[in-house]
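Have the viewer open while you read.

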Amino acid sequence: MLSRREFLMAAVATSAIGGVGMSGQWARAAARQELTQGDLLDMDGYGNVTLVHITDLHAQLKPVYFREPSINLGVGDVNGLPPHVTGKDFLDLYNIAPGSADAYALTSDDYVSLANEYGKMGGMDRIATVVNSIRSERADNMLLLDGGDTWQGSYTSNQTQGADMVEVMNSLQPDAMTGHWEFTYGVDRVTEIVDELPFSFLGSNIYDAEWNEPAFEGYKIFERCGVKIGVVGQAFPYTPIANPRWMFPNWSFGIREEDIVRNIEAARADGAELIVLLSHNGFDVDRALAKRVDGIDVILCGHTHDALPEPLLVNGTLLVATGSHGKFVSRLDLDVQGGEVKGFKYRLVPIFSDVIAPDASMTALVDKVRAPYKEELARELGTTDSLLYRRGNFNGTFDDLICQALIEERDADISLSPGFRWGTSVLPGQAITVEDLHNACAMTYPSAYRSEMTGQTIHDILEDVADNLFNVDPYYQQGGDMVRVGGMGYTIDPTKTIGNRITDMTMLKTGEKITAESAYIVAGWASVSEDVEGPAIWDVVEDHLKKNPVVALEANRSVKVIT
């Protein structure tokens, strides 16, 4: 892992363009546990351009609990580098005091006790307070950019096909956004929404497959305080692989590095003095892209849900990681002179919902769009004695619950739950509501399948997902975490090549080896195939909770990781 000395050396390199970080002030206040709204928002304005970034909200309108991962492995050249640093290593790297507010916000260490102390994070009305405060201070200097995964991830977004988030985001007044899960509402719905947006939807890497023409604006020029800013939009490159292609059959995706270069050149020709890539590539893809493509001043990273208290400097490009689920807002102040970034100040603003006052008009709007569903959202399905969370390279307890439900309700030997990184947390002792459940599985292709698979097929599935996650070439990584398994265990060596990472597949109930030629009944959900039949996953889990109203999960030791 990166030592503190190496990190400080990187900070010195960053300061070569005049960078001044703000995380130290937050850390000192947090260590005293005396946070105020002023502590979180106070930052002396700097330079002539302010970029404000939000990303991966996943339709969370209200404050939430969201536990960061305890394991986030990197492979190849990025092994041990941020964001692949967790727990105590993360605290040491950024000089964060254990037990402090930023330790709670940025790591999983002592999560339950710190969650009870510091409360929920996020909430669109708190985000509005932060955005409006910066907008009031910086006025014509500010650009608000949304990194996508905004319209999907909750009960109300599913019920309204994203209309709740669209109305709320329109009120927040971003200048541009890009997308990923947005496309799973289907081409007609996405087109309908985008045509009515009062701001730009940018996707330089999306093409009309029939005519091989750009399907969306690739970039847009904004002027702030006399500085022309070229914002290039980069949607998730692997959308047709990670999500159902049949939902948007006429759009093709990809990293399309050559198109990024062309759009940078075009933006420069239009007078852009600052180039910003509004990206949903994932952090490691963006880091690799910054090494390969010159001329990008800032990459606003999304998709992999990483939150870092300082930007990383790669080949002269500042990489900003703002986290997910509304937990953070990034503010990057830049001094742009003569087409160059001369210096910057940065603050990752944590949205502590008990500290930041809600914006009254946004609170009213959020309550309005949720009102038709208020009673159902609050309906209790059970209680949990275990912390329920999603994030982690190999398992999350919410997925352990889902896998149990799939095996028992679908009469299966083995269950599979996709390694999505979205989904909020539920603390021990709390009720599990309809809202909590749907925060973990709200999507437009929720059918729970039941099918017979050979051991070889199961092995191939695990190997394929592992390669998406642990390929040493970031351009072949698709983000997300390992598919979660129920009823079986295995050993994984992330450093090996595809076909060789997964060994020792075993049935947990009997201890028998899973053999290539044997057949097993497998239940799962979120298949990208079009003709999947079965009940919605939330109905499967609700039926399970009716029979098992108190959730008490044993520690998951089904996956052995060789590191």
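## Ground rules

This is a predicted model, so local features need pLDDT of at least 70 and side-chain atom pairs count only at pLDDT 80 or more, while totals for chains, interfaces and linings use all residues. Residues are numbered from 1 along each chain as its sequence is written, and side-chain values use heavy atoms, with hydrogens and water left out.

## Pockets

A pocket here is an open set of points on a 1 Å grid over the protein atoms alone, with protein on both sides within 12 Å along at least five of seven lines; a cavity is a set where a 1.4 Å probe fits but cannot get out, and lining residues have an atom within 4 Å of a point. Points are joined across faces, edges and corners, and a volume is the space filled by probe spheres set on them.

The largest pocket holds about 810 Å³ of space. It has 32 lining residues, with A242, P418, G419, F420 and V465 the closest to its centre. Two or more lining residues come from each of α11 (239–242), β18 (414–417) and α18 (455–470); helices (H or I, at least four residues) and strands (E, at least two) are DSSP runs, numbered from the N terminus. The largest share, 5 residues, belongs to α18. By type, the lining splits into 17 nonpolar, 11 polar and 4 charged residues, where Ala, Val, Leu, Ile, Met, Phe, Trp, Tyr, Cys and Pro count as nonpolar, Asp, Glu, Lys and Arg as charged, and the others, Gly among them, as polar.

The second largest pocket comes in at about 590 Å³. Its lining has 21 residues, and Q404, I407, G486, G487 and L508 sit nearest the centre. Here α16 gives the largest share, 4 residues, and the lining divides into 9 nonpolar, 6 polar and 6 charged.

## Cavities

There are 4 cavities of 30 Å³ or more. The largest has a volume of about 190 Å³, and H84, D284, T304, R421 and Q477 are the closest to its centre among 22 lining residues.

Of its 15 lining residues, E68, P69, P83, L106 and A307 lie nearest the centre.

## Nonpolar cores

A nonpolar core is a set of buried Ala, Val, Leu, Ile, Met, Phe, Trp, Tyr and Cys residues joined through side-chain atoms within 4.5 Å. Buried means under 20% relative accessible area, exposed over 50%, and partly exposed in between (1.4 Å probe, protein chains only).

The largest core has 152 residues, and M124, W151, L172, F183 and L334 touch the most other members. Helix α7 (residues 124–138) contributes the most, with 6 residues. A second, separate core of 24 residues includes F470, Y490, I502 and V522.

## A buried aspartate

Is D286 buried or exposed? D286 counts as buried because its relative accessibility is 0%. D286 lies in helix α13 (residues 283–292), and its side chain makes a polar contact with the side chain of N281 at 2.9 Å. (A polar contact is a pair of N or O atoms within 3.5 Å; within protein, one must be able to donate a hydrogen and the other to accept it, and residues adjacent in sequence count only if both atoms are side-chain atoms.)
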